[in-house]
Amino acid sequence: MGHSGGRLLRTGPFAGPEVDFFDGLGANAVAWLKNKRTSAVSGVPALARAASTEALEDCVPANLPVHRPEVITQLGEELATLADALRYRDNFARLLPKRIRDLEADLRSKSSKNLEDAEGTLLSLNVGATMVGAPRLQYVADRCLSDFRGGREMSCLPALVGEAERFLMLLSGPEDATLD
């Protein structure tokens, strides 16, 4: 049924039957997680490697957790069920590598339509990360969006890649994975 060891984070209120997270994650995300050197996100990991640790730390406050599961609990209360909230989070995670790959391509293109698409992708990442309880990813997406709209260089773009990767790794980890 997929790759071993890739269980959906099911702790606390998420306890339930084990689900193979990689089955729903999609081939591109699995490739991104499994082999960062030859990533499915063409060129983007090179950006992440090029950024120094100090620059990445400057982009994200240390006190922000990678994932806040209570946000999913709250979303489950607002939707029909907790399962719907988990499905929303998992769909967000499944599409995350493609969104970042598309963002990188749109930024490289510099055509006006592609730049509009890049802004839309950053806004979508910002809102989606907020809804799934990924405050580090949301914070970096917000900084990138602010830089983009202000016509400034998006120096936090490598941090966006890093935080997306961190969020996906957390979700694909064992049941007792730490949340920050």
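I am working with a predicted model, where local features need pLDDT of at least 70, side-chain atom pairs count only at pLDDT 80 or more, and totals for chains, interfaces and linings use all residues. Residues are numbered from 1 along each chain as its sequence is written, and side-chain values use heavy atoms, with hydrogens and water left out.

**Cysteines.** I searched the whole structure for disulfides (cysteine sulfur pairs within 2.5 Å) and got one. C59 and C156 form it, with an S to S distance of 2.1 Å. I checked the torsion about the S-S bond of C59 and C156: it is about -95°, so this disulfide is left-handed. The pair links distant parts of the chain, 97 residues apart. C59 is in helix α4 (residues 53-59), while C156 is in the loop between α8 (135-149) and α9 (157-172). Helices here are DSSP runs of H or I, at least four residues, numbered from the N terminus.

Next I looked up burial (buried is under 20% relative accessible area, exposed over 50%, partly exposed in between, with a 1.4 Å probe and protein chains only). C59 comes out buried at 4%, and C156 is buried at 0%. I also looked at C144, which is in no disulfide; its nearest cysteine sulfur belongs to C156, 5.7 Å away. C144 is buried too, at 0%.

**Salt bridges.** My criterion is a side-chain nitrogen of Lys or Arg within 4 Å of a carboxyl oxygen of Asp or Glu. The structure holds ten of them; I noted a few.

- D102 and K98 meet at 2.6 Å, N to O. Both lie in helix α6 (residues 82-109), four residues apart, about one turn of the helix. D102 is partly exposed at 30%, and K98 is partly exposed at 41%.
- R149 and E119 meet at 2.7 Å, N to O. R149 is in helix α8 and E119 in helix α7 (residues 112-131), so this pair ties together parts 30 residues apart in sequence. E119 is partly exposed at 27%.
- R166 pairs with E163, the closest N and O atoms being 3.5 Å apart. Both lie in helix α9, three residues apart, about one turn of the helix. R166 is partly exposed at 39%, whereas E163 is buried at 5%. Salt bridges that share partners join R136, E163 and R166 into one network.

**What does E163 touch?** Not counting residues up to four places away in sequence, I find V60, R136, L137 and V140; contact means heavy atoms within 4.5 Å.

Notes
Helix = DSSP H or I, 4+ residues; strand = E, 2+ residues; numbered from the N terminus.
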